[in-house]
Amino acid sequence: MPFFSVVIPLYNKDKYVARTIETVLKQRFTDFEIVIINDGSTDESEKRILESIHSEPRVQYHSYPNGGVSIARNRGIELSKGKYLL
């Protein structure tokens, strides 16, 4: 079980998502997971995510039809395995 989970719900943030993932993964502390919930993005977000997370075992990626940020966040919480949640 990871020490903490970082939940990242997103919708149409292709310009920012790669840098966000990279920043979290570069932390010195490594006992965490990232749970990315793509809430039906219609831009290049999925492409950027997949390029950023290739062969990174600490990242879970899930894509769903657009349901809104609350639904996306709650899905991320449900999928999280960490002791703590961010």
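Which residues make a nonpolar surface patch of about 300 Å²? Phe3, Phe29 and Tyr84 do. The close-ups below start there, and every view comes from a predicted model.

View 1. Tyr84 belongs to strand β4, which spans residues 84–85. This tyrosine has a relative accessibility of 44%, so it counts as partly exposed.

**View 2. The buried residues of helix α2.** Helix α2 covers residues 45–53, and its buried residues are Ser45, Ile49 and Ile53. Looking down the axis of α2, you would find them within an arc of 45°, so they line one face of the helix. Their packing partners are β1 (4–10), α1 (17–25), β2 (32–39) and β3 (59–64). Follow the chain past α2 and you come to serine 55, which has a positive phi, near 50°.

**View 3. The buried residues of helix α1.** Here the residues to look for are Val17, Ile21, Val24 and Leu25, the buried residues of α1. Around the axis they cover an arc of only 100°, which puts them on the same side of α1. Among the elements that cover these buried residues are β1, β2, α2 and β3.

**View 4. The salt bridge between glutamate 22 and lysine 26.** The model has a count of 2 salt bridges, and this view shows one of them. The closest N and O atoms of Glu22 and Lys26 are 3.0 Å apart. Glu22 counts as partly exposed because its relative accessibility is 41%. Lys26, at 60% relative accessibility, counts as exposed.

**View 5. The salt bridge between arginine 58 and glutamate 56.** In this pair, the side chains of Arg58 and Glu56 meet with an N to O distance of 2.8 Å.

**View 6. Glycine 76, a buried residue of helix α3.** Helix α3 runs over residues 69–79, and Gly76 lies in it. The relative accessible area of Gly76 is 0%, so this glycine is buried. Which residues does Gly76 touch, not counting residues up to four places away in sequence? They are Val7, Val35 and Ile37.

Notes. Residues numbered from 1 in each chain as written. Predicted model: local features only at pLDDT ≥ 70, side-chain atom pairs only at ≥ 80, totals over all residues. Heavy atoms only, no water. Patch = residues over 30% accessible without salt bridge, like charges linked within 9 Å, V, L, I, M, F, W, Y side chains within 5 Å. Areas by Shrake-Rupley, 256 points an atom, 1.4 Å probe, with all protein chains shown as cover. Salt bridge = Lys/Arg side-chain N within 4 Å of Asp/Glu carboxyl O. Helix = DSSP H or I, 4+ residues; strand = E, 2+ residues; numbered from the N terminus. Buried < 20%, exposed > 50% of the residue type's maximum accessible area, 1.4 Å probe, protein only. Arc of directions from axis to C-beta. Contact = heavy atoms within 4.5 Å.
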